[in-house]
Amino acid sequence: MKKTKNSKTVKNKYGKRKVLTFGLMLMLGLCVTGCSSDHRDSEAEEGSSQTVDDTAGSEEQGLALRSFEALTLDGASFTQEDLAQKDVTVINFWSTLCGPCLEEMPDIAKFEAALPDNVSLVTVCLDGLYDTERVEEILEEAGYEGITLIWGDGDFLNLCREILYTPTTIMVDQDGNMVGEVIIGGQWNLEETYTEAVNQVLTAMGKAEIGNAE
């Protein structure tokens, strides 16, 4: 797995009770909400599974990643300092129990690998603490070599509590503010959907757009 330049190895600072509490909370949420109903099969007749919401006002709701520390699948630490290195960070929330999430993971991997230096993509496996070997197996099968987060505190924990469906994908800027659109559900053409969403944000920032993956 790739690490950001300033990612640091995490010593066992997270107490077992906190880890279990976080994991149980997320698992309960996943059991209640399940995967997004906007998956590929249910939208086949329409030719698209895209559900997009405008995130205007998200900052006012407190949904920003300004102070947090998250644990990566490979045992490193990911913080707001990592977000500050990129113009845009795409964050994909998924779970091992979500069929549409697993279907689109190879597309996630392809998109992540083609991104320029100023844009990054990380995934958050909401039930990853329970079976890290399964998570690693899924990501390896998909060819994903980016960062995957499996636990966190502060603003990261608050944001995870707001995720109602998987997959859900958001974008944040250098300051951790949510920007652009929220993408909910498995995508028929993930590359096109994500590229368009990222480019809208980059254009608003006065930055150069990214191209489609080869």
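Cysteine 98 is buried, at a relative accessible area of 0%. Buried denotes under 20% relative accessible area, exposed over 50%, and partly exposed the range in between, with a 1.4 Å probe and protein chains only. The model is predicted: local features need pLDDT of at least 70, side-chain atom pairs count only at pLDDT 80 or more, and totals for chains, interfaces and linings use all residues. Residues are numbered from 1 along each chain as its sequence is written, and side-chain values use heavy atoms, with hydrogens and water left out.

Cysteine 98 pairs with cysteine 101 in a disulfide, with 2.5 Å between the sulfur atoms. The criterion is a pair of cysteine sulfur atoms within 2.5 Å. A disulfide is a covalent bond between the sulfur atoms of two cysteines. The link of cysteine 98 and cysteine 101 is right-handed, with 80° about the S-S bond. Cysteine 125 takes part in no disulfide; the nearest cysteine sulfur belongs to cysteine 101 and is 8.7 Å away. By this rule, one disulfide is counted. Cysteine 101 has 1% relative accessibility and therefore counts as buried. Cysteine 125 is also buried, at 1%. For cysteine 160 the relative accessible area is 3%, so this residue is buried.

The chain has six helices and nine strands. These are DSSP runs numbered from the N terminus, helices being H or I with at least four residues and strands E with at least two. Of the 214 residues, 50% count as buried. Contacts were assigned to heavy atoms within 4.5 Å. Among contacts in the chain with a separation of 6 or more, 76% come from residues 24 or more positions apart.

Threonine 148 lies in strand β7, residues 147-152. Its relative accessibility is 2%, so threonine 148 counts as buried. The side chains of threonine 148 and threonine 123 are joined by a polar contact of 2.7 Å. Such a contact is a pair of N or O atoms within 3.5 Å; within protein, one must be able to donate a hydrogen and the other to accept it, and residues adjacent in sequence count only if both atoms are side-chain atoms. Neighbours within four places in sequence aside, threonine 148 is in contact with Leu71, Thr72, Leu73, Thr123, Cys125, Val135 and Leu139.

Leucine 71, one of these partners, belongs to strand β3, residues 69-72. At 18% relative accessible area, leucine 71 is buried. The C-alpha atom of leucine 71 is 5.9 Å from that of glycine 152, 81 residues apart along the chain.

Glutamine 187 sits in the loop between β9 (178-184) and α6 (190-205). With 1% relative accessibility, glutamine 187 counts as buried. A polar atom of its side chain lies 2.6 Å from the backbone oxygen of glycine 185.

Two cavities of 30 Å³ or more are present. A cavity is a set of points, on a 1 Å grid over the protein atoms alone, where a 1.4 Å probe fits but cannot get out; lining residues have an atom within 4 Å of a point. Grid points are joined across faces, edges and corners, and the volume is the space filled by probe spheres set on the points. The second largest cavity holds about 30 Å³ of space. Its lining consists of Leu65, Phe78, Ile91, Val122, Val124, Leu149 and Phe156. By class, the lining of this cavity has seven nonpolar residues, no polar and no charged. Nonpolar covers Ala, Val, Leu, Ile, Met, Phe, Trp, Tyr, Cys and Pro; charged covers Asp, Glu, Lys and Arg; the others, Gly among them, are polar.

Notes
1 Å grid on protein atoms, 1.4 Å probe; cavity = no way out; pocket = protein on both sides within 12 Å on 5 of 7 lines; lining within 4 Å.
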